[in-house]
Amino acid sequence: MFTHALNEKSELLRFSTSGSVDDGKSTLIGRLLYDTKLIFEDTLEALQRSADITGEGSINLANLTDGLRAEREQGITIDVAYRYFATPNRKFIVADTPGHIQYTRNMITGASTANLSIILVDARQGVVEQTRRHAYIASMLRIPHLVVCINKMDLVGFSEEVFKRIREDFEQFATRLHIRDIAFIPVSALLGDNIVEHSKNMPWYPGAPLLRHLEEVYIGADLDLSDPRFPVQYVVRPRDDRYHDFRGLAGQIAGGVFKVGDAVKALPSGKTSRIVAIHTYDGPVEQAFNPMSVQLLLADDLDISRGDMLVRPDNLPYVGTDFEARICWMSEEALMPNRKYAIRHTTRMTRCIVREIKSRFDFGTLLPQRPAPQLALNDIGRIALKTMVPLCFDPYERNRYTGSFILIDEATNATVAAGMIQEPPKSVPGTDEAEYII
Amino acid sequence: MNYRLSHIDALEAESIYILREVAAEFQRPVLLFSGGKDSICMLRLAEKAFRPAKFPFPLMHIDTGHNFPELIDFRDRRAAQLGEKLIVRTVEDAIAKGIARPTPGESSRNRLQTPTLLAAIEEFKFDCAIGGARRDEEKARAKERIFSLRDAFGQWDPKNQRPEIWNLFNTRINPGEHMRAFPLSNWTELDVWQYIDREKLEIPSIYFSHRRQVVRRDGQWLPVSDLITLKPGEEIRELDVRVRTIGDISCTGCVESPATTVQDIIAEIAAAKVTERGSRADDKRSETSMEDRKREGYF
C-alpha cells in the first residue's frame, strides 16, 4: 500500500497517543504500522515466535510496541515509546504513552512537543475521568490538534448512536478547553475499521479515516513565526587565525524570523546590536526561522553567553524573577512551599524557590482547589516562583519553548516538575486574576 | 518565502541542538565513531554544529579487532580529513588486561565492546558519550531517552528514566555516573540514507554491492574471514552482496544486492522486508537481547 516516504520535501508530524488501560492504544499503533507496511518480516517472525511462547496463538499487535521484558511479562506498557512511520508526504513520530501508572508524567513527556494528540475512548465505556484528564493535559500543553478515536466500535455493533452520544459528551466538556481543532473518528483498531481505509461497517461516518486525517491535517500555522526569540545555546569561537574575530552565537530559533540587518537586543543585559550574518555550515543565509539551528554574528562584540536571549527591540518578552506557572508534579516526594530547586528554562539553568502553591487542580470537578498545602505525584497545580537570576519568558500559551521550564531536585538530580508560565497579571496589583480552566 | 522545514531539515536542526547541548553542559564529552553509516552522519552534524571551530570533543572507536578492513581504512581517513583527534581502544587489549572476558565458544566480540567502552570512559574521565543509536532500530531503544543516564556501573535502568519534556534536557550527573547522548534518536534508517545522499557523504565501500565469499548460517550470509570456521555441510559461495549494518565481521550478515549507488540503496530499503537489525546475529538470540546488553552498558 504505502512504501516509505521517498520525498525529501515531506513534512514532520509529531503526535502522541494516550488512553486508559485496555482501550487498545498499542493495538491502534500496531495497526497503523501494520497497515502502512512498516512491520518487517523479521519483526513479524519474532512476534510469531513470542506468540507461540506465550500461547496466545495469533499475533498480538500490541506486542509490536510493548518492548521491555517486564512489559511483556505483565502485559502492560511501562514507558513512553517512540515509533516511526511514513507516507509519501509526511513522516510521523509517534510518542506512545501508557495509560495507567505515571500517566500524567508520561503523557506530558510524550505530548510536550506534539502537533497532535490522539485520545482513545472505549466505545463501551464512553467519556471517563481518564478521558477528561487526557484532554485537559492536551489543552494545557497547547497541542494544536486533537483526534478523539472512539475505539472498539465492533463491540457496540458499529452503532452511530453510541458514537454520537460519546461525541456530544466530549464536546460538552471540551467547550472549556483551549483546543483549536478536534476531530472525532469511530474506529476498530483490532479490525482496522477507519484506520487506513474507510470502514464498510460504518457508512454513516462521512469523515476521513485516521491515517488520512493524520496526513492532511494542516500544521503550517502551528509554528510561532511572529515573535523572534533566540536563546543563546553555545558560543562558537574557532581560536584560529583565519577566523580571528569569529564569534558565532549558536542556538535553535525558538520563535519568529531573524534576518541579516535586523536590530537585536540581548537580554537580560538590554544591550543592542545588529545581525551582520547568519552562519550555517552550508553557507550564509539571509534569514532564519523557528525551529532552525544556526549561528548569528553580531556587529558588536557584546558580552553574551549561554542562557541569554536575543530578541527584536520592538518585540520584547517578559524579563523577571517572579512569575506564576501551572506545573505537573512528577516526583514521589510531594512539593511543599518554600523548597528550592534547580530550574531549567530555555538554555538557562539557575535556582528558584517555590513561594506558594496557589491551587491544585481537581480532575473530578475540573476546578481548582484552594488552599493546596502540597502537590503530590501526578498532580497539576498553580504555583508562584522566584528565580535567582531574571528569566526572559513568554506566557506558555504564546510560545511553548520560551514559556516552559523543568524543575530539578538538586540532591537527586531527578526532574520533578514540568512547568508552563502564565501571563503575568496586567491588572491592579493585589487583585487576583480569575482562574480559568486552562 | 516558505517558512517550513522538510522532515530531514527538522531532524537535522534537532540533532544539532542536541550536540550543542552536550558541548555546553559537559566537561569531557566524546563522540563514538565506528566508521558506520550512522556515525558518518553524526560527524556531518557535528561539523554543522561547530564549524568553523574544531569539535569540542575527540572521536573514539571501540575496536573489536574483528573488522572489515575497509572500515578501518575509512575510519582513519575520515578522522584525518576532519583534522579531529581519534582515540582507539581495542577489545584485544581489554582482554589482555582482563577487563573483558570472552566466554568459551563466544566468537563475536560485540558483547566485549561493553567492558572495553566502560574502561575507556573511566580512563579518560569522559562524562558524556555521544552515540549514533536510533530508536527505530530495536524495541528497547524505542524507549530510551535522548539523554540516557548510566550509573557508576555503566548500567541503564529502563524503569527509572528522567522524563524528557519539550527540549529541556536534564543533563545533571553525580560523580561516577555518565551520560549517553543520542542525537539521531528520531531518525530512521531511511532518513540516514537520505541524509547521506543529500550531503554527498562518503561511506565505506562495503555498503555497496561487491563480490564476496560468504557462507549461509542461521538464515543469513556471513562473510568468510579468518574468524569463521566452516561447519560440516556449509559451503562457501561467491555472491554480489553488501552490508546493511556493520558490526563484528563474524556476525554481520550480508544481503544479496546489486546496489552500487546511494540512490540504489534508498530504493532497496524503501522496498525492504527485513529490518536492518535482522542482519545481526547477536540481536536474534532472544526477544530481549538488546535490552539485556543495554542494561549492562552497551551503546
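Which way do H6(B) and H7(B) cross, left-handed or right-handed? H6(B) passes H7(B) in a left-handed crossing, where left-handed means that the near helix is turned anticlockwise from the far one by less than a right angle, and right-handed means clockwise. Keep in mind that this is a predicted model, where local features need pLDDT of at least 70, side-chain atom pairs count only at pLDDT 80 or more, and totals for chains, interfaces and linings use all residues. Residues are numbered from 1 along each chain as its sequence is written, chains are lettered from A and ligands numbered from 1 in the order in which they are written, and side-chain values use heavy atoms, with hydrogens and water left out.

**Two helices in chain B**

- Helices (H or I, at least four residues) and strands (E, at least two) are DSSP runs, numbered from the N terminus.
- The axes of H6 (residues 189-199) and H7 (residues 262-270) of chain B come within 10 Å and cross at roughly 165 degrees; axes are lines fitted to C-alpha atoms, for helices over the stretch in contact, and angles run from 0 to 180 degrees between N-to-C directions.
- That angle is why H6(B) is roughly antiparallel to H7(B) (under 35 degrees counts as roughly parallel, over 145 as roughly antiparallel, 65 to 115 as roughly perpendicular and the rest as oblique).
- On the H6(B) side, the residues in contact (heavy atoms within 4.5 Å) include Leu190(B), Trp193(B) and Ile196(B), while those of H7(B) include Val262(B), Ile265(B) and Ile269(B).
- By class, this contact of H6(B) with H7(B) has eight nonpolar, two polar and two charged residues (Ala, Val, Leu, Ile, Met, Phe, Trp, Tyr, Cys and Pro count as nonpolar, Asp, Glu, Lys and Arg as charged, and the others, Gly among them, as polar).

**Sheets in chain B**

- Chain B has an open sheet of six strands in the order S3-S2-S1-S4-S6-S5, with mixed pairing; two strands pair if DSSP finds at least two bridges between them.
- Its edge strands, S3 (86-90) and S5 (147-150) of chain B, each pair on one side only.
- Neighbouring strands in this sheet are turned by 30 degrees against each other on average, direction ignored.
- S5(B) runs antiparallel to S6 (residues 178-181) of chain B, with four bridges joining them, and Ser148(B) has Arg180(B) as its bridge partner.
- Elsewhere, S7 (residues 210-217) and S9 (residues 236-243) of chain B pair in the antiparallel sense over six bridges, with Val214(B) opposite Arg237(B).
- S9(B) also joins S10 (residues 254-256) of chain B through three bridges, again antiparallel, and there Val243(B) partners Cys254(B).

**A covered strand in chain A**

- Chain A has seven helices and 22 strands, and 61% of its 438 residues are buried (under 20% relative accessible area; exposed is over 50%, partly exposed in between, using a 1.4 Å probe and protein chains only).
- In S21 (residues 404-408) of chain A, five of the five residues are buried.
- Both faces of S21(A) are covered, with Ser404(A), Ile406(A) and Ile408(A) on one side and Phe405(A) and Leu407(A) on the other.
- Leu407(A) stands opposite Ile343(A) and is also the bridge partner of Ala417(A) in S22(A).
- S21(A) pairs antiparallel with S17 (residues 340-345) of chain A over four bridges, and five bridges join S21(A) to the antiparallel S22 (residues 415-421) of chain A.
- The hairpin of S21(A) and S22(A) has six residues between the strands, and Asn413(A) takes a positive phi near 65 degrees there.
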